[in-house]
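Please open the structure in your viewer and keep the selection panel at hand. The tour below goes from one selection to the next and says what is found at each stop.

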Amino acid sequence: MGAHAARRHPHGRRILVVSVALMIAGVLLGFPRADGAPVAADACRTVSAALPRGDCGPFWQVLAEDFNGDRVPLGAFSDCAHNIETSGAHCAGLSGKYRDNWWAYPTGWLDTANSRGRDVVGVYHPEDTVSVGPAENGDGRMSIRMWRPADGGPVHASAVVPRAVMDMKYGKYSARIKVVKPAPGYKSAWLHYGGGCEMDHPEGNWTGDLTAFHHPCGGGEQGYFPGADDWTEWHTVSTEWTPGNVRFFVDGRQIGHDTREVPSRPLSWVLQNESALEGPGAAPGSSAQLDITWVAAYAYDWK
């Protein structure tokens with residue numbers, strides 16, 4: 001089971017140099033207006049901080065969660081090894097809408113660093129890393145707090161999965177996120193993965209840059225798309241996946257577009273957070289935290 005969870009991230013390929021045309025298009029699509037706001041480029045025109053609601057373009061909204069309802073304390077994301085990686089997957093420790101809407105990689109699954117020869121690796125522990133509740137300003141958030149024991153054991157990592165879009169082909173996937181406590185050795189790689197295909201957005205060490213990647217299904221060079229300089233600012237991230245196309249957006253601005261062997265099979269959206277694959281490992285006794293203030297997901301062309 002650990003090997004299964006650790007297969008996630010084949011970043012040994014060379015980075016594809018983004019073409020001048022793509023870079024120019026990205027700049028034009030994101031050029032700020034006179035009031036400083038970026039011009040919307042994604043299908044839902046999500047440039048505000050608010051949770052978008054309703055359908056847009058060819059996308060039909062199937063999930064809109066702002067975390068302003070019930071609280072989920074640490075410990076509730078437990079007993080998650082039920083019908084793993086299927087639409088019936090669930091965490092028995094959850095109740096109500098969170099049991100209906102969320103799953104997490106079960107305790108004991110190994111993170112990607114275990115297959116990379118890293119000195120510091122991670123093990124998934126949703127029960128002591130994931131919680132839902134209000135921030136100091138009252139804003140409801142899902143908090144992902146990863147940490148490494150003081151005795152130098154493995155990082156406690158976390159990967160949560162919205163059940164509404166498990167095993168779904170195509171769609172739009174958006175969230176508003178901020179690293180509220182950075183520390184070296186922790187990262188995210190939110191992804192769609194399977195059958196030799198992989199789309200990652202956002203990805204990067206929490207102390208570095210926020211980027212997106214596309215790994216064509218048939219192999220070859222990966223597409224690499226810089227998105228933002230700092231995880232510690234609020235960003236809205238979106239992936240639009242349609243037949244033959246994948247587009248990545250940050251704060252409404254398109255940062256990348258690829259057409260090379262885009263997946264055409266159902267995949268799940270995994271909000272994967274784990275130990276770093278490059279740079280220093282997490283120090284013993286350290287911790288870092290990512291907050292998510294909303295998540296929205298859409299099916300493609302269902303109507």
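Select Cys80 and Cys91 to begin: both are buried, where buried means under 20% relative accessible area, exposed over 50% and partly exposed in between, with a 1.4 Å probe and protein chains only. The two are joined by a disulfide with an S to S distance of 2.1 Å, a disulfide being a pair of cysteine sulfur atoms within 2.5 Å. The torsion about the S-S bond of Cys80 and Cys91 is about 105 degrees, so this disulfide is right-handed. Cys80 and Cys91 each lie in the loop between strand 2 and helix 3 (96-101), so the pair ties together parts that are 11 residues apart in sequence; helices (H or I, at least four residues) and strands (E, at least two) are DSSP runs, numbered from the N terminus.

The model is a predicted one, in which local features need pLDDT of at least 70 and side-chain atom pairs count only at pLDDT 80 or more, while totals for chains, interfaces and linings use all residues. Residues are numbered from 1 along each chain as its sequence is written, and side-chain values use heavy atoms, with hydrogens and water left out.

Next, select Cys197 and Cys217, which a disulfide joins at an S to S distance of 2.0 Å. Here the torsion about the S-S bond is about 120 degrees, so the disulfide is right-handed. Cys197 lies in strand 10 (residues 197-205) and Cys217 in the loop between strand 11 (210-215) and strand 12 (222-228), so the pair ties together parts that are 20 residues apart in sequence. Cys197 counts as buried at 4% relative accessibility, whereas Cys217 is partly exposed, with a relative accessible area of 23%.

Now move to Cys44 and Cys56, which form a disulfide with their sulfur atoms 1.8 Å apart. Both cysteines of this pair lie in the loop between helix 2 (20-29) and strand 2 (59-65), 12 residues apart. Cys44 is buried at 17% relative accessibility, and Cys56 is buried with a relative accessible area of 11%.

Select Ile292 and display its contacts (heavy atoms within 4.5 Å). Leaving aside residues up to four places away in sequence, Ile292 touches several residues, among them Phe67, Met142, Ile177, Trp190 and Leu271.

Finish with strand 16 (residues 269-275), where seven of the seven residues are buried, so the strand is largely enclosed by the rest of the structure. Strand 7 (residues 155-162) runs antiparallel to strand 16 and is joined to it by three bridges, two strands being paired if DSSP finds at least two bridges between them. Ala159 has Gln272 of strand 16 as its bridge partner. Strand 9 (residues 186-194) also pairs with strand 16 in the antiparallel sense, over five bridges, and Ser188 stands opposite Asn273 in strand 16.
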